[in-house]
Amino acid sequence: MMFEKFTNLLSDEARSDVNDPALFAEETRQLIWQRIRVGLLIGIILIPLFSLLDFLCLPELAKSFLLYRIVCSLALIGVLILLYSPAGQAHPLFLALVAYLLAGSMISVMIVQDGGFDSYYYVGLLMVMTTFSVILPLNIAQTLMSGLLMFIIYVGPVAIFNEMRPEHTGVFANNIFFFIFFIVIITVLSKIETQTRVREFNLKQDLQSSKKQLAFYAHHLEEEVDRRAEALEKSELRYKELYNNLIDMVILIDRRGNIITANSIFLQTMGLAETSPSQSLSMFLPREDQDRFQNQILYPLLKNNQAHNLEFVLQGRNGERYHVEGNATSIELNDDRTGFQMVIRDVTERKRLEKQLIGSYLQIQNARNLTILGLAKLAEYRDQDTGFHLERIREYTKIMAKELAGRKEYKDIITPDYIEDLYQSSILHDIGKVGISDNILLKPGRLDQKEYEAIKRHTVLGGRIIEEIESRTEGDPFLSLGREIAYYHHEWWNGGGYPRGLKKEEIPVSARLVAVADTYDALTSRRCYKEAMSHETAKEIVVSLQGRQFDSSVVEAFVRHEKAFDGYRISFREH
């Protein structure tokens, strides 16, 4: 009964806003089926793979945890098989919830065995909850209920099977706070995505309807023009009857572009009572488009005696502008002159709908980027000193990338799309730190050799996580850059870095840029074991490391824009 209520939850607001609720629900069902299939494949692979973290962090429990992970993956395989059944295809959200509860229950058991209240394995529940809400197109009620279910899965077993001690109170309260915070965040994102999907769906429906109407009119218009043109023996006077009965604008122009005659629709649209033979069609174009009339409209007509798919803007006497499309063909006039017949269709409304559709797409992209930033912060939320580290890193990286893009050796690599993908993927550089234990990551002092080797593993862990996700997608450049950065942002120009000891051009450009940005930010940021350095001191250190730790060209880009670095450092100052 609970599953049935969960899968049927849809707000009255969403139903009332959708043009076709039944079609929207079917589209949502198909989208859920497609996305849960990918989500199950990712879970089947990543859940056992995370056992690497168990052996690093809790070797005494790693074997039993591996067994739990294998059992969970096998159960997810069963869910995946059921997904392809008729019942699974009809109710994919039900199976998604089953898989969600299986993964959450497995992690809950591991939390209880790890001590309960102070176990950092509860981060796994946050990852499952966030991934579930990000992958699936849930509405607000479904997102909120899934978050509350995961909260109960966490709090219930811990409260029942683990003993609360005074030293656990602060940690447990902190964990509960972050749980509530993530529930609020995913609920807000769900509301934005639901509203955006509804707007996009309605716009697509309106656009399809407009296209069908335009296609119908265009098809019948061309047939009607051909039939009547032949029947009326190409008479200029008789064309007026035809023109005035058409729903689109039709005009005759001579070889100089002057209007010979026009139908009533053209006259009404342009706000005219009649046309004079001396009036040029260019007079009805905006001032900034009048110069291109000869080259883009009249010249192709004179050269080819026809022109198709012309796109331009007409401007009426009242100043109102109309986006139009037109076709033109040559025609013999009754005084042995050659003119051109133009059929012009007003597509202003279609252009408006296309613009709104693009706006909705950009809004979805913005929601995606905010979700990526939220997921990246999972790797840093435990360290309260990091502040706006991710925001600063992506701005620093973008500054240097734009500088290098103007250089000959980088112009084929650093394109505008590359810079945009780099801006978003740079924040994933330390995603692998989710696998580093708190006693190492938050140690208020210098790490010993064993601890240093352990924290170096975050590059490999982060790279492998993104690599696994990348293998299930179709060549997403954002993920490729994220993988490069996660793996190699600690490599040194002279080969003295880790994890592979790459040197010079062997290091990807993306990783070279993030290396300088990350080092500068680390130097100018306060940490529990040090105070923040000034911009000038940090700059001197970075410059001193060029050719040894950093690519000299990247350091040159940094120095060239050091004022911008200092500005972002101040703008995103840590409080």
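Colleague: Let's start with the α8 and α9 pair: is the crossing left-handed or right-handed?

Modeller: This is a predicted model, so take everything here as computed from it. The test is which way the near helix is turned from the far one by less than a right angle, and clockwise counts as right-handed. As α8 passes α9, the crossing is right-handed.

Colleague: And how are α8 and α9 oriented to each other?

Modeller: Helix α8 covers residues 122-135 and helix α9 covers residues 140-161, and their axes come within 10 Å and cross at roughly 165°. The cut-off is over 145 degrees, so α8 and α9 count as roughly antiparallel.

Colleague: Which residues of α8 and α9 make that contact, and how many of them are charged?

Modeller: On the α8 side you've got Tyr122, Leu125, Val128, Met129, Phe132 and Ser133, and on the α9 side Thr143, Ser146, Gly147, Met150 and Tyr154. The contact of α8 with α9 splits into 7 nonpolar and 4 polar residues, and the number of charged ones is: no charged.

Colleague: What about α3 and α5, how do they sit relative to each other?

Modeller: Helix α3 (residues 21-49) and helix α5 (residues 62-83) have axes that come within 9 Å and cross at roughly 160°. As for handedness, the crossing of α3 and α5 is left-handed. With anything over 145 degrees in the antiparallel class, α3 and α5 are therefore roughly antiparallel.

Colleague: Which α5 residues does α3 meet, and how many residues of the contact are nonpolar?

Modeller: From α3 come Trp33, Ile36, Arg37, Leu40, Leu41, Gly43, Ile44, Ile47 and Pro48, and they meet Arg69, Cys72, Ser73, Leu76, Ile77, Val79, Leu80 and Leu83 in α5. The contact of α3 with α5 has 2 polar and 2 charged residues, and the nonpolar count is 13.

Colleague: Now α20 and α22: what orientation class do they fall into?

Modeller: Helix α20 (residues 509-523) and helix α22 (residues 552-560) pack with their axes 9 Å apart, at an angle of about 50°. Under 35 degrees would be roughly parallel and 65 to 115 roughly perpendicular, so α20 and α22 come out as oblique.

Colleague: Which residues make the α20 contact with α22, and how many are charged?

Modeller: First the handedness: α20 passes α22 in a right-handed crossing. From α20 you have Arg512, Leu513, Val516 and Tyr520, facing Val554, Val555 and Phe558 of α22. In the contact of α20 with α22, 6 residues are nonpolar and no residues are polar, while the charged count is 1.

Colleague: How many charged residues line the second largest cavity?

Modeller: It holds about 50 Å³ of space. Its lining is Glu491, Trp493, Ile507, Ala511, Arg512, Ala515, Gln549, Phe550 and Asp551. They split into 5 nonpolar and 1 polar, with a charged count of 3.

Colleague: Which helix gives the largest share of the lining of the second largest pocket?

Modeller: The volume of that pocket is about 1400 Å³. Of its 40 lining residues, Lys433, Ile455, His490, Ala522 and Tyr529 lie nearest its centre, and the whole lining divides into 18 nonpolar, 10 polar and 12 charged. α17 (438-441), α18 and α20 each supply at least two residues. The largest share, 6 residues, comes from α20.

Note on methods: Residues numbered from 1 in each chain as written. Predicted model: local features only at pLDDT ≥ 70, side-chain atom pairs only at ≥ 80, totals over all residues. Heavy atoms only, no water. Axes fitted to C-alpha atoms, helices over the stretch in contact; angles between N-to-C directions. Helix = DSSP H or I, 4+ residues; strand = E, 2+ residues; numbered from the N terminus. Contact = heavy atoms within 4.5 Å. Nonpolar A, V, L, I, M, F, W, Y, C, P; charged D, E, K, R; others polar. 1 Å grid on protein atoms, 1.4 Å probe; cavity = no way out; pocket = protein on both sides within 12 Å on 5 of 7 lines; lining within 4 Å. Points joined across faces, edges and corners; volume = space filled by probe spheres on them.
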